[in-house]
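My notebook is open, and I am ready to look things up. Here is what I am reading from.

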Amino acid sequence: MAYVVPIIVLDAVAAFLAGILVIANRVFVEYGDVTVDVNKGAEEFVAEGGTTLLQALTENEIYIPSACGGQGSCGYCTVRVKEGGGPVLPTEEPVLTREELVNEVRLSCQVKVRENLKVEIEEKYLKIEKFEAKVISTRDVTPSIKEIIFDLIEPETIDFKAGQYVQVQVPTNGDTVDRAYSIASEESVQDRVMLNVQLIEGGLGSTYLHELEEGDQVEFTGPFGDFYVQPSDAKIIGVAGGVGLAPLRSIAFSVLEKEIEREIWLFFGVRTLDDLYYHEDFQELAEKHENFNYVPALDSSQPEWDGEVGLITEVMDDYLEEGKNMEGYLCGPPPMMDATIDLLTEYGIDKEDILYDDFS
Ligand SMILES: Cc1cc2nc3c(=O)[nH]c(=O)nc-3n(C[C@H](O)[C@H](O)[C@H](O)COP(=O)(O)OP(=O)(O)OC[C@H]3O[C@@H](n4cnc5c(N)ncnc54)[C@H](O)[C@@H]3O)c2cc1C
Ligand code: FES
């Protein structure tokens, strides 16, 4: 035990020195203004040295995905840094693939703006807009999930593909952090955005959204994401777990309202009856459209439930037929998605035809 005290003291001293360094870096190191060149001169702006590249881009109305709000964990905020980014940081290495590292891809939330930068950003992000919106309704659809509908104020409409998401700017300590939420409304509704938000205990974004009241204003950017229906005639196999239903609701309603004759299956797995939401809406949709099949399942049996029971993969096994002409669209807890990917590949679907949205 004699060695424990010196170790604690050493740790405390190291933490103290690290803190001093961070503060000294902020207070004394002046980088001045630097120029950021985007896509070989397509855009150029001056940024205050010392901020992160992600902040500098956002301040200059270039919105790239940043689902974890700059914590360096989601890996969404990648850009190519051709010049001026400094060495790759230890915080970036675990998140970036070898191929990305070779191709000068960096996490913009980790790169500090210290000298003139040349960066390359996917063209689609230069079109992302920031929306001001007003809450027009909120209601609990399960004990932990709220449906929130926003009326768009400026711009007045949003053009998105079903399955995409927006990044809500969550106020915190006089600043904002971004959190991603899938659009649950259908593509044809362009003047409103509906979200389904699961409350995470102690969660910044989900608590903020759950506390919103009618008339409150929020800001979000978007639309983001590649999780949307691919143009083909393949059967759509949608699989949702819990709040993962949000993008799949948008997909099912959007495809059906376009009267596309693709066969659609929606498997929806929840723990208990209380967690089952939009159930009647999907039942009605299935009655209206012959090409839409809705299969909800509870994890375990309940007296009031005479539907499917079991893991969603076990349930799917009873309905799926082998064949290549299928595409998977999955959204739910990671273990559910892993098991579903394995199942769908066993049924003959190529891995590249399985799209998934990971909320974690
Ligand atoms: C592309 C995308 C789309 C998304 N769409 C939706 C959506 O439609 N609806 C929705 O509700 N969420 C969605 N999310 C998740 C959402 O962005 C937030 O991560 C989630 O709301 C938690 O954020 P928070 O600020 O409340 O919690 P934080 O303040 O970020 O986290 C608080 C604590 O909770 C833990 N935590 C974070 N997320 C979870 C979780 N899911 N389960 C358990 N613990 C957690 C954290 O590790 C931390 O300890 C989506 C995420 C992505 C990447
Ligand atoms: S890694 Fe999530 S915002 Fe940068």
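Entry 1: I looked up an open sheet of 5 strands, whose order is 2-1-5-3-4 with mixed pairing. Strands here are DSSP runs marked E of at least two residues, helices are runs marked H or I of at least four, and both are numbered from the N terminus. Two strands count as paired if DSSP finds at least two bridges between them. At the edges I found strand 2 (43–48) and strand 4 (105–107), each pairing on one side only. From one strand to the next, the twist averages 40°; for such angles, axes are lines fitted to C-alpha atoms (for helices over the stretch in contact), and the angle between N-to-C directions runs from 0 to 180 degrees.

I then followed strand 1 (residues 33–38), which pairs with strand 2 in the antiparallel sense over 6 bridges. Opposite valine 36 I found phenylalanine 45 of strand 2. A reminder to myself: strands of a sheet pair through backbone hydrogen bonds, either parallel or antiparallel.

**Entry 2: how I read the model.** This is a predicted model, where local features need pLDDT of at least 70 and side-chain atom pairs count only at pLDDT 80 or more, while totals for chains, interfaces and linings use all residues. Residues are numbered from 1 along each chain as its sequence is written, chains are lettered from A and ligands numbered from 1 in the order in which they are written, and side-chain values use heavy atoms, with hydrogens and water left out.

**Entry 3: arginine 262.** I found arginine 262 in the loop between helix 5 (245–257) and strand 13 (264–270). Is arginine 262 buried or exposed? Arginine 262 is buried, because its relative accessible area is 7% and buried means under 20% (exposed is over 50%, partly exposed in between; 1.4 Å probe, protein chains only). Its side chain reaches the backbone oxygen of glutamine 230 at 2.9 Å. Contacts (heavy atoms within 4.5 Å) of arginine 262 beyond four places in sequence include Val229, Asp233 and Asn291.

**Entry 4: the largest nonpolar core.** A nonpolar core is a set of buried Ala, Val, Leu, Ile, Met, Phe, Trp, Tyr and Cys residues joined through side-chain atoms within 4.5 Å. The largest has 34 residues, of which Leu245, Phe268, Tyr277, Phe282 and Phe292 touch the most other members. Helix 5 gives the most to this core, with 8 residues. Domain 3 (130–224) and domain 4 (235–357) both give residues to this core, so it lies between them; the domain bounds come from an automatic or database domain assignment.

Notes. Polar contact = N/O pair within 3.5 Å; in protein donor to acceptor, adjacent residues only side chain to side chain.
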